[in-house]
Amino acid sequence: LRSFKTALLGGTLLIVPAAQALAQDANAVVAGWYSYGNLTAGSNIFVEKPPSGFGKTDTPPFWITPSTGDSRAKMDEYGKIPRSVFLKELWISGGRTDGRFDADIWADWVGTDFQRYQLRFYEAGQHYFSLGWDQTPHLLSTSAKSIFGGVGSTRLTVDPASRTFLQSQMANSQTQAQRDNIDDFINGRNLFGGAGFPAPIGNIELKTLREKFTAGYRNTMLSDWEFNFDYSNEHRTGTRPLDIGYGFSTTTANPRPSAGAVEVPAPVNDRTQNADASAEYLGSTPWGRFNSSVKYSGSFYDNKNKFFDTDNPFCITCSATAAPFGPSLFRYALDPSNNVNGITWNSMIDLPMQTRYTGTVQYMMFRQNDPFIDTATNGLTFGTGPGQLNPYPAASLNGEVNAFLTNNVFYTRITPEFTNTLRVRYYDRDDQTPQLTFTNYALADGGISTTQPLTRLSTSYTRFNVSDDLKWQPNRVWTFGAGYFFERFTRAHGEVDATNESGGRAFFTYQPYTWFTTRSSLQYSQRRYENFVVSPTADPAVAAMRPFYVMNRNQTKADGSIDIQLTKNLTLIPNGGIRWIDYPTDTLLNEVNLATNSLGVQRDHQWFVGTDLALRITPELRTTFGYNFEEHRLYLENCCGSGSTPFADQNKWSSQITQRYHVFMTSALWNAIPGKLDIRADYIAALTNEANDTIGCAANLTGCTGKNATTDPPVVWPDERNIFQRVNVMAFYYVDPSVVKQMGWVGNVTLKARYTWERNDNSNWATDNFTPYSPSPADAGGIDITNGGKSLFLAYNNPNYTAQIVTLAASVAW
Amino acid sequence: MLRRGTTRGWRAELAATASTLLLLIAGLAGTATAADTGGQDDSLSALHSYVVSLGGGHGHSTGSAPSSDASDPQLADDPELAALRAFAGQIGAGKPAPAAGLTKLAQADNMLDAMREWFQQGGRAPTPASPTRPHGPVAGGTQPGEPPPGATSVGSQVCATCHASQTESYGRTLMGRLGRSGKGSKLECESCHGPGSAHVKAGGGRGLIISFRPDDLSRTAAQNNDLCIGCHTKGHQTMWQGSVHEERGLMCTNCHTVMKNVSRKGQLKTAFQPETCAACHQKQRSEIWRTSHMPLRTPSLGREGKMVCTDCHNPHGSYAESQLKKATVNEVCWTCHADKRGPYLWEHPPVTENCLNCHEPHGSNNDAMLKISRPRLCQQCHSGGSHVSNPRNPGVTLYAQGRECTHCHSAHHGSNNPAGARFMR
């Protein structure tokens with residue numbers, strides 16, 4: 001790749017003088033053609049480069065425990081920074097001066113994994129064509145630990161000898177020695193004097209790559225008509241981390257899948273094609289104009305992998321029908337292929353009384369009919385006898401959802417100053433999928449569940465909105481607005497039958513002087529549900545579900561900003577806002593569950609404040625500053641579900657999650673030598689922190705304290721913190737045109753030098769960012785982690801890095 | 001594609017065309033200067049070039065009449081051009097006095113100067129801008145911001161005489177090219193700026209012609225926008241009237257720059273679209289700097305910049321909440337994440353209903369852009385009963401580490417596996 005890039009770049013640069021000469025000769029005889037463009041190329045030099053491995057060192061045990069070292073994955077998350085020469089941009093624009101043909105072509109970051117090419121050619125006012133090809137990577141890790149063979153395929157394997165050994169250490173109630181043996185084995189070490197078998201652990205990359213081709217055509221040949229066609233074809237490949245829970249028992253068939261978890265590199269290989277085709281007509285009415293368009297939209301998703309199988313590392317002879325019970329093979333269903341087809345009709349019509357109607361009618365058909373996969377992967381057989389899986393009620397889902405939308409806007413200019421906007425919207429998601437019922441079904445590969453049939457229920461819902469806003473704009477100085485809105489949301493099988501939300505809003509803009517503008521808005525609404533349909537006494541786990549998206553709430557939203565130019569050289573733009581949601585006490589649930597407060601989210605409060613500042617210190621030196629602070633507080637109440645009064649206050653525990661975000665940005669531009677040399681510097685710091693303060697229940701039961709034993713420490717969640725910083729210092733030198741001419745070139749040549757320092761610092765392994773490879777007592781500070789000895793992870797996530805990069809580049813614009 | 005030239009043979013044109021295409025492919029095709037001077041044979045272009053030369057290619061040719069000894073023979077021979085040149089020569093030669101009663105277009109342009117005026121006026125507050133108060137030369141118009149009555153059209157050639165650099169940069173835009181193609185004959189300068197004769201006779205200056213400058217308070221946003229909407233009333237702009245941005249008094253020119261290309265598409269004010277939106281949406285601008293985010297940041301060393309705001313939103317209005325481009329939040333997300341579209345055999349209702357129940361699309365501090373960390377995310381709804389109600393001490397239980405609930409319930413977006421009713425397969 002490097003050779004290719006070097007050859008491409010070198011070849012391009014070498015032919016510049018020759019091409020320039022040719023261009024001049026050609027232009028001497030060419031009539032009616034023009035061209036201009038830009039070429040930027042250069043090279044990066046890493047002064048400090050984070051390693052590909054997990055952290056300080058790529059050998060155990062450092063990647064087992066939370067790391068303080070660096071890894072390059074986060075730095076290259078959305079594209080691997082070129083390590084040497086690069087062709088950043090090639091843009092050529094050309095065509096005929098009479099407008100009969102114009103074209104633009106862009107090539108960005110040629111040869112990288114985030115390269116992009118675009119071609120646009122058209123006859124303005126007639127035909128517009130566009131083509132594009134783009135790559136977008138998403139890199140999660142370059143250092144994930146895996147014992148699996150066949151990574152990237154749909155069959156992940158584990159060395160049989162390893163599985164045999166690990167199974168020998170499994171038991172319903174593992175001894176500490178067994179856990180230690182597993183820990184030593186998995187981690188390829190001999191920390192506990194255990195078996196010490198070196199596991200075949202390898203580094204793998206977790207990354208997906210999207211390759212997208214796009215094409216578009218627009219036709220405006222007829223003055224009253226417009227035709228559009230857009231198509232995209234995106235192929236996604238790679239691997240992603242995916243967790244699988246499993247069961248294990250030497251005595252009980254059909255064990256609950258909670259013995260442990262195995263994280264695997266799941267294969268990704270799918271394709272999404274989206275296509276739109278529309279025709280639009282523009283005409284006139286006695287009161288103005290109208291237009292009407294019809295658009296077909298299609299989307300086709302094809303997953304090449306319907307499922308994948310992976311060996312259970314902890315079991316080689318586990319079976320659903322004989323001890324030890326459990327899955328020896330995980331068969332995981334990947335997302336099914338599906339498609340959507342739909343028609344959208346849009347129209348705008350000028351009506352009498354200075355009214356414009358804008359309407360949309362849309363009908364979309366979502367379909368999915370991939371064959372069900374065979375879940376009899378662990379010795380189960382289909383049949384009607386005891387211990388057999390009942391045959392599936394259908395070979396596939398025949399999933400069918402139809403969505404109907406109508407949106408209607410009446411915009412009336414009552415007077416030049418008063419306008420009114422009335423909106424009426426109705427959306428109906430009609431789930432017509434057959435309600436299949438499964439009996440004697442496989443429960444996560446572990447065995448046959450006969451407890452109760454499972455029926456697939458419809459997820460239909462409707463959403464009706466109506467709102468009206470009245471705006472008064474007496475002049476350019478003042479704008480006032482106020483409105484009312486209402487929403488009714490009904491669900492076929494939700495926890496509640498329907499929710500109704502209504503509220504009002506007001507806003508204004510005030511611009512009394514050219515140097516002062518302020519905008520502000522305020523909104524308040526109340527949502528109330530109708531008929532909580534889940535029986536509170538049926539299943540405590542279900543009855544206690546209090547989804548925040550359907551429960552009663554009072555919401556206040558407000559925001560405002562001021563744009564003020566204090567002096568000729570100083571502009572300040574402070575801004576702020578809140579979104580305050582309170583979930584009031586639910587009387588119905590309280591009465592049933594004997595609790596003084598409802599469970600679930602009680603408060604969800606967010607607010608932010610910030611300011612932008614632009615300061616021109618001298619005519620040659622300009623600076624900007626930006627700061628934004630945001631806080632989000634979420635308060636939950638939960639409860640363990642045991643005992644006769646499961647939701648009694650003494651069994652409750654609470655948690656307040658506080659997220660704080662600071663983002664600071666500053667930049668300076670100095671025209672050091674006007675017209676010759678510019679220096680630009682910028683710095684950004686993004687500090688984020690999530691604190692989770694949990695208070696256990698008064699009853700001090702293990703189920704509501706987070707403890708396994710009363711001797712365990714209280715629930716303490718370490719803050720999750722992330723600090724991102726970047727410093728850029730750039731110099732732009734504009735080569736004297738006479739020098740450029742002497743070189744035989746034409747155009748503007750800019751030389752660029754850049755220094756970048758970038759750092760990401762993240763802490764808290766407890767939540768997401770530092771998944772340990774295999775949790776063990778030693779890794780948890782001596783605390784005996786439940787089931788830690790039966791689990792295996794990829795230890796893939798280390799977002800820490802520091803990088804220093806020097807970039808030298810040249811840009812030619814002609 | 002090939003058309004025989006009026007003054008050159010088809011072989012020459014064929015050769016020239018081939019050469020140009022070759023150069024286009026190589027990315028090194030000539031120069032704009034060379035092409036302009038050698039490749040244009042119409043009067044406007046000749047005058048344009050001449051004016052550019054007067055101003056060094058950028059400035060205004062204020063008041064200087066084109067000399068009669070122009071080196072380009074076309075300039076000397078074209079009678080239309082000669083008339084035009086004579087007209088241009090009068091510009092500035094006898095600048096008319098401002099109309100009686102005119103005031104400055106704008107008062108102090110910053111607070112400090114306003115305070116000075118306030119003190120100088122003995123403590124009388126500066127009068128807020130108001131259309132009821134004449135605002136400079138527009139006072140002579142029928143409405144604020146309208147050209148005065150009697151103003152007539154002068155044609156774009158005249159405009160180009162002074163506004164050479166703007167004409168040049170505008171000519172490179174899609175609208176400029178449309179004007180050149182002859183398919184957009186309406187796209188003269190005065191199509192948007194109104195009749196310019198008064199402006200020309202006054203020797204230029206603001207007030208006698210429609211201006212879109214943000215500090216010109218003489219016209220309302222709706223008045224300015226109506227000029228754009230007059231043509232841009234189809235497609236993505238159909239729903240502008242009544243949209244949030246329209247309601248809040250935004251002008252098209254708050255986001256778009258008509259006179260030159262800054263962005264590759266849409267003639268936006270910034271090269272990278274999210275920076276245009278961030279001018280007002282500072283909160284969202286900050287959110288994309290959280291560690292878990294989509295590739296929305298301004299490209300740095302090539303990374304990021306793979307998505308823009310309009311991949312999901314239509315700032316000109318839509319038939320969905322938050323000006324989304326599709327009917328629901330989920331339909332927007334499914335454009336790229338079609339694998340989550342289903343319908344599944346086993347649906348997870350909050351997923352089916354709205355991706356934003358769990359995800360923060362502009363950025364988050366948690367894995368996969370989750371709104372809060374797991375297991376609390378799940379416990380917002382799964383708040384009691386069975387094992388879901390345990391607060392999960394991260395120092396004690398495996399299920400508080402890493403991906404928590406999704407260790408087992410990894411198919412939480414929905415499962416099509418008959419064994420996946422609990423989202424484990």
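**Two chains, one predicted model**

Okay, let me start with chain A: if you take its contacts between residues at least 6 apart in sequence, 67% join residues at least 24 apart. Before I go on, keep in mind that this is a predicted model.

So what is chain A built from? The secondary structure there is six helices and 33 strands. The chain runs to 814 residues, and 55% of those count as buried.

Now chain B. This one has 19 helices and zero strands. Buried residues come to 54% of its 425 residues.

How many residues does each chain bring to the contact? Chain B gives 163 residues and chain A gives 240. The area buried between them is about 17100 Å², with 54% of that coming from carbon and sulfur atoms. If you want to know who contributes on the chain B side, Arg264(B), Leu301(B) and Arg425(B) supply 5% of the area that chain B buries against chain A, which is more than any other three residues.

On the polar side of that interface, there are 75 residue pairs in polar contact between chain B and chain A, counting pairs where both residues are at pLDDT 80 or more. Which element of chain B gives the largest share of the side touching chain A? That's helix H1 of chain B, residues 10-26, with 10 residues. Sort the residues on that side of chain B by type and you get 62 nonpolar, 58 polar and 43 charged.

There are also 18 salt bridges between chain B and chain A. Here's one: Arg177(B) pairs with Asp104(A), and the closest N and O atoms are 3.1 Å apart.

Another one to look at on your screens is Glu353(B) with Arg491(A), a side-chain salt bridge at 2.8 Å, N to O. This pair crosses between chains, going from helix H18 of chain B, residues 349-353, to strand S22 of chain A, residues 478-491. Are those two partners buried or exposed? Glu353(B) is buried, with a relative accessible area of 13%, and Arg491(A) is buried too, at 10%.

Over all chains, the whole structure has 55 salt bridges. Let me pick two within chain A. In one, Asp113(A) pairs with Lys207(A), closest N and O atoms 3.1 Å apart. Asp113(A) sits in the loop between strands S3 and S4 of chain A, while Lys207(A) is in strand S7, so this pair ties together parts that are 94 residues apart in sequence. Asp113(A) counts as buried, because its relative accessibility is 16% and the cut-off is under 20%.

In the other, Asp431(A) meets Arg456(A), 2.7 Å from N to O. Asp431(A) is in strand S16 of chain A and Arg456(A) is in the loop between strands S20 and S21, so here the pair ties together parts 25 residues apart in sequence. Asp431(A) counts as buried at 5% relative accessibility, and Arg456(A) is buried as well, with a relative accessible area of 1%.

There's a network, too: salt bridges that share partners join Arg72(A), Asp76(A), Arg83(A) and Glu205(A).

Over to the nonpolar cores. The largest has 36 residues, and the members touching the most other members are Phe148(A), Val264(A), Phe308(A) and Phe314(A).

Last stop, Arg163(A), which is in helix H2 of chain A. Arg163(A) counts as buried, with 8% relative accessibility. What does Arg163(A) touch, leaving aside its neighbours within four places in sequence? The list is Val158(A), Asp311(A), Asn312(A), Pro313(A), Cys315(A), Ile316(A) and Ser328(A).

That's my tour, thanks.

Methods:
Residues numbered from 1 in each chain as written. Chains lettered and ligands numbered in written order. Predicted model: local features only at pLDDT ≥ 70, side-chain atom pairs only at ≥ 80, totals over all residues. Heavy atoms only, no water. Contact = heavy atoms within 4.5 Å. Buried area = accessible area lost by both parts, 1.4 Å probe. Salt bridge = Lys/Arg side-chain N within 4 Å of Asp/Glu carboxyl O. Polar contact = N/O pair within 3.5 Å; in protein donor to acceptor, adjacent residues only side chain to side chain. Helix = DSSP H or I, 4+ residues; strand = E, 2+ residues; numbered from the N terminus. Nonpolar A, V, L, I, M, F, W, Y, C, P; charged D, E, K, R; others polar. Core = buried A, V, L, I, M, F, W, Y, C linked by side-chain atoms within 4.5 Å. Buried < 20%, exposed > 50% of the residue type's maximum accessible area, 1.4 Å probe, protein only.
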